[in-house]
Structures are given as structure tokens and as C-alpha cells.
Amino acid sequence: MHFNQVFDDEARQLLCHAEEEARILKSEHITSACLFIALLRSENGEVQMALTPLGFTVEEARSQVQQITGLGEWTHSAHLVFSRGSFQILGRATIMASRGGPDRVGVAHIMRAIFTEPQGVTEQLLKKTIQAPVPVTSS
């Protein structure tokens, strides 16, 4: 994939944030969980409207990923590559963008691709959130 040609500026920034998250988690790959945490860092309005009700913060998502996978041991400073799952997500986002929107992939396309077919750690995070009981407050 040629990121400069396929992804808009905001999506490329999200991919940079995902790489930073992989380094923070000491992962040897940029995983779907790294993409999800990077989405939480996004200031995109559509993404915020979708994610805010889930109640995730960047720190909480990072913590939950570490609980599920443990902290990695990767310390190499070279450019990281996308995991197979992340590459599939980006492929789905590219297909979504080509079907009816701008000809470049945006952050919202990546979010939809993650939510359409969540996998791995991201799937576990979303299931945990969706199944969490809603607190009841008395008026």
C-alpha cells in the first residue's frame, strides 16, 4: 500500500499514532488494538461521536490491551510493520473508500473497518464494553 496516495492526511496521522502505540506497548507489529487506541486519540468528529459512548479513554484501552496481551518485549527502534489483522482492516477501509466517498481512505473508513469485523484484542475490548452493565442512577 502506498500510504501517501491512498490515505488522507488525517488517516496517515492515525497510522503514525498507531505506530506510537505499538512502541508504547512494546509490540513488534502495529496490531488492530494499536489502530483502535489510535482512533481514541483522533479528533475526528465522526469518530468521537461513535467512540465517546463506549466510555474508553486512551489510557484505559492501553491498560486493557496490556491485561489481555501483556506488555511486549520488543525494543527495536526500526520502522514497525502492520500485523496481518491490521493490514486486513486497512484493506477493508480502502475498499469502503472506493465504494462511495472520497477516493482516499479517511479515519472514519478505518473506524468502520475495525467495527465491521473486529478481531483479536479489539474484538475482546468491544465485547467487554458492550456487555458491561449500564449503571442505573436514581432521579
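Colleague: Which residues does R62 touch, not counting residues up to four places away in sequence?
Modeller: In this predicted model, R62 touches E21, I24, L25 and I37, with residues up to four places away in sequence not counted.

Colleague: And where is the place of R62?
Modeller: R62 sits in helix α5, which covers residues 58-69.

Colleague: Is R62 buried or exposed?
Modeller: R62 has a relative accessibility of 19%. Buried means under 20%, so R62 counts as buried.

Colleague: Let us step back. How many helices and strands does the protein have?
Modeller: There are 8 helices and 2 strands in the protein. Along the sequence, they follow the pattern α-α-β-α-α-α-β-α-α-α.

Colleague: What percentage of the residues in the protein is buried?
Modeller: Of the 139 residues in the protein, 40% are buried.

Colleague: What share of the contacts with a separation of 6 or more joins residues 24 or more positions apart?
Modeller: Such pairs account for 68% of the contacts in the protein that have a separation of 6 or more.

Colleague: Now the core. How many residues are in the largest nonpolar core, and which have the most contacts inside it?
Modeller: The largest nonpolar core has 37 residues, and those with the most contacts inside it are L14, L15, L35, L39 and I110. At least two residues of this core come from each of α2, α3, α4 (45-51), α5, α6 (84-100), α7 (107-116) and α8 (120-131).

Colleague: Which helix gives the largest share of this core?
Modeller: Helix α3 does, with 8 residues.

Colleague: How many residues of α3 are buried?
Modeller: Helix α3 is mostly covered, since 9 of its 10 residues are buried. The buried residues are S32, A33, C34, L35, F36, I37, A38, L39 and L40.

Colleague: How do α2 and α3 pack, in angle and distance?
Modeller: Helix α2 (residues 9-24) and helix α3 (residues 32-41) pack at about 120°, and their axes are 8 Å apart. The two helices are therefore oblique to each other. Their crossing is right-handed.

Colleague: Which residues of α2 and α3 meet?
Modeller: From α2, the residues are L14, L15, H17, A18, E20, E21 and A22; they meet C34, L35, I37, A38, L39 and R41 in α3. By class, this contact of α2 with α3 has 9 nonpolar, 1 polar and 3 charged residues.

Colleague: And α3 with α5: at what angle do they pack?
Modeller: Helices α3 and α5 pack at an angle of about 170°, with 9 Å between their axes. That angle makes α3 roughly antiparallel to α5.

Colleague: Which residues make the contact of α3 and α5?
Modeller: A33, I37, L40 and R41 of α3 make the contact with V58, A61, R62 and V65 of α5. By class, the contact of α3 with α5 has 6 nonpolar, no polar and 2 charged residues. The crossing of α3 and α5 is right-handed.

Colleague: Is K26 buried or partly exposed?
Modeller: K26 counts as partly exposed, because its relative accessibility is 35%.

Key. Residues are numbered from 1 along each chain as its sequence is written. This is a predicted model: local features need pLDDT of at least 70, side-chain atom pairs count only at pLDDT 80 or more; totals for chains, interfaces and linings use all residues. Side-chain values use heavy atoms; hydrogens and water are left out. Axes are lines fitted to C-alpha atoms, for helices over the stretch in contact, and angles run from 0 to 180 degrees between N-to-C directions. Helices (H or I, at least four residues) and strands (E, at least two) are DSSP runs, numbered from the N terminus. Angles under 35 degrees count as roughly parallel, over 145 as roughly antiparallel, 65 to 115 as roughly perpendicular and the rest as oblique. A crossing is left-handed if the near helix is turned anticlockwise from the far one by less than a right angle, and right-handed if clockwise. Contact means heavy atoms within 4.5 Å. Ala, Val, Leu, Ile, Met, Phe, Trp, Tyr, Cys and Pro count as nonpolar, Asp, Glu, Lys and Arg as charged, and the others, Gly among them, as polar. Buried means under 20% relative accessible area, exposed over 50%, partly exposed in between (1.4 Å probe, protein chains only). A nonpolar core is a set of buried Ala, Val, Leu, Ile, Met, Phe, Trp, Tyr and Cys residues joined through side-chain atoms within 4.5 Å.
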